Structure formats: C-alpha cells, structure tokens
Amino acid sequence: MTKTILLAAPRGFCAGVDRAIEVVERALEIHGPPVYVRKQIVHNLHVVRGLEAKGAVFVESEQEVPEGSVCVLSAHGVAPTVYAGAKERNLTVVDATCPLVTKVHVEARRFARQGKTIFLIGHAGHEEVEGTFGEAPGRTIIVDRPEDVAGTEVPDPANVAFVSQTTLALDETAEVMGALRQRFPLISSSAKGDICYASQNRQNAVKAIAARSDLVLVVGSTNSSNANRLVEVARDNGAESYLIEDEQGIEPGWIDAAGVIGVSSGASTPEFLVQRVVDFVAGLHAVEVEEVEVAVESVRFPLPSSVG
Ligand code: SF4
C-alpha cells in the first residue's frame, strides 16, 4: 500500500541555530582549533559531532576552558555569572546567544530594575531557563504548569511580571499565563510574548499535518525543548507521535500501521536527517510526499561583530 508522507514546513533550522553554528565555524576559521564551546551549541547530537570533527571542544562550564582560550557561548544564553567567570579566566568570549533569547534577558533585567517579582514560565533545569533565571535569581520564580501558580507567595502582588522560555508550547503557556493573570491582575509582561517565531511556526505546521496524519515523526534530540513540544502538539492534535534522533529510531511497525505519516523536525535538526527519515520510509513502502507549508520564513540574524 502506498503511504503518504506529509512534510511540515517550516521545519528544522531556525535563524538562531543557523547563526550559532556559523559563529562556531567562523571562530574556528579566525582563531584555529581548538575553539571551546560552553554546552552544546544547539541541542542536536549530529550538529555537535560535526563541529567536533572541525576542532570544536565542547565543555560543560567556562571553568573547564584553559585560561586565555576562545570560548563560544551557546544559543541558549547564559547567566551574568558565566560572563564574569569567563572574564576571570581571561577567555576570549564569542557569544552565540540567539537574539530572541537576549531579548528575554533584557526584559528580565528591566523588570528586576523596577523591583518586580518575575515569574519565569519554563522548564527548570533547561539551559535557557538557567540563563534567564540568573539575571535576577533573588526575585525570580520558575513556573512550569498552571498549578504551580497557586502556591506562590510574592512580597507585592501589584508589582509582578512574567517572561517565558522561547521554545514552549503556545497552548500550554497560554494556560500558565491565564493562571498568572487571574491571580495577579496587574501583572506586567512583554507586549508580544516570548515564544519565538520559529517555535510558533513549527508548532502551527505540526498542527496542520497532525490533523491529517496517523503518525507524526519529529526528528530531534531528546534534550531539544522545541522538538519535544512538537511531539506534544502532534499528540494533542490527534496523531500518534514520536521523537527520533534519526531514521534509526523508527520502529517499522509504526510505519506499517500508518497510512499517512507526518514528518517534522526541531529548530536544531539538520535537514539531511529529515531526508534520511523519508528515504527510510520509502525503503519500506511506496510513498507519495507532500509538503504542507503554513508560513514562509525569511528571518536572518547578523553575526556578532567578533566573528562578523
Ligand atoms: S528556537 Fe527561537 S529562540 Fe531558539 S535559537 Fe531558534 S529562533 Fe532563537
């Protein structure tokens, strides 16, 4: 039986990921290997292995980088203490933080200057959340679900604000925002919200394919927040869905049982992995491939001046 593959568009690399990878490549060209990279530059194993092969050395902390070396900071952003630690070690810092994450840090600093208690909507332990939290750790409360809001205590309920992680699911985040607004009617926030254009577009594209698919495969690494959200969005919209690192994660039984198979990928997933998934399915069954495009993206971010 012929299977239909619906390819979500947009999918894969966003402007922040494109830029972060180019930053490491430019830093390697300018300074020569090794160039140290604090944390995974973007959350994808294939990207990390590819950059390692070119001379990048990935470390967990700036404290592991030899004094005086070049250190690239990942797309997810860091707390001010990381810049301070890098300065103490006399590191040449190349900052690959996505400008849309930097925007959230700027908001958090502004709210902190205004003396507000800041609710940070996001997943505790995720690198982006750690970085944003670090802007004002004494006045920031991380909330993940609407239920988290009820038990929180703040010094002045009239002087509170919220910011969010950039890669959350739109619908779930709206529920947390609703709970915050109900409990704190005067709460401040950014006018447009903090979930980035790339996360929104990829979720909308997955919604569109999930409505027509029996199965949605999302290609991405397990530590990719936005890829995990795509799986949730697909399931919430009626499709069976799995996160797979690459085609080796596919169980042939999933394909056998599905007539229409949706495929998408996280913002840090290279397109060649999506093609490998399509080829794998085409190796099992005859396929017809249709692209379902819900938005056209033209966003580009300039490189930081240190490597531009
Ligand atoms: S997913 Fe959004 S916030 Fe994250 S790097 Fe891409 S554009 Fe930036």
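I looked up Val 48 and found it in helix H2 (residues 45-53). Helices here are DSSP runs of H or I with at least four residues, strands are runs of E with at least two, and both are numbered from the N terminus. I note that this is a predicted model: local features need pLDDT of at least 70, side-chain atom pairs count only at pLDDT 80 or more, and totals for chains, interfaces and linings use all residues. Residues are numbered from 1 along each chain as its sequence is written, and side-chain values use heavy atoms, with hydrogens and water left out.

**Entry 1: Val 48**

I looked up Val 48 and found it in helix H2 (residues 45-53). Helices are DSSP runs of H or I with at least four residues; strands are runs of E with at least two, and numbering starts from the N terminus. The model is predicted: local features need pLDDT of at least 70, side-chain atom pairs count only at pLDDT 80 or more, and totals for chains, interfaces and linings use all residues. Residues are numbered from 1 along each chain as its sequence is written, and side-chain values use heavy atoms, leaving out hydrogens and water.

**Entry 1: Val 48**

Buried means under 20% relative accessible area, exposed over 50%, and partly exposed in between (1.4 Å probe, protein chains only). Next I listed its contacts (heavy atoms within 4.5 Å). Leaving aside neighbours within four places in sequence, Val 48 touches Gln 40, Val 42 and Phe 58. Phe 58 is 10 residues away from Val 48 in sequence, and their C-alpha atoms are 8.1 Å apart.

**Entry 2: domains**

I checked how the chain is divided. The assignment gives domain 1 (3-13 + 196-293), domain 2 (15-98) and domain 3 (100-183). Such bounds come from an automatic or database domain assignment. The C-alpha centres of domain 2 and domain 3 lie 27 Å apart. Across that pair, 12 residues of domain 2 are in contact with 11 residues of domain 3.

Strands of a sheet pair through backbone hydrogen bonds, either parallel or antiparallel. Here two strands pair if DSSP finds at least two bridges between them. Strand S6 (residues 117-121) runs parallel to strand S7 (residues 140-143), with 4 bridges. S6 also pairs with S8 in the parallel sense, over 5 bridges. I followed Phe 119: it stands opposite Ile 141 in S7, and its bridge partner in S8 is Phe 162.

S6, helix H5 (residues 127-133) and S7 form a right-handed β-α-β unit. Right-handed means that, with the strands pointing away from the viewer, the path from the first strand over the helix to the second runs clockwise.

Why is strand S8 (residues 160-164) largely enclosed by the rest of the structure? Because 5 of its 5 residues are buried. Val 160, Phe 162 and Ser 164 cover one side, Ala 161 and Val 163 the other, and all are buried.

**Entry 3: Ser 190**

Ser 190 sits in the loop between helix H7 (170-183) and helix H8 (197-210). Its relative accessibility is 13%, so Ser 190 counts as buried. Not counting residues up to four places away in sequence, Ser 190 touches Glu 107, Phe 111 and Phe 162.

**Entry 4: the open sheet**

What is the strand order in the open sheet of 5 strands? I read S10-S9-S11-S1-S12, with parallel pairing. The edge strands, S10 (240-244) and S12 (287-293), each pair on one side only. Strand S9 (residues 215-219) pairs with S10 in the parallel sense over 5 bridges. Within that pair, Leu 217 has Tyr 242 of S10 as its bridge partner.
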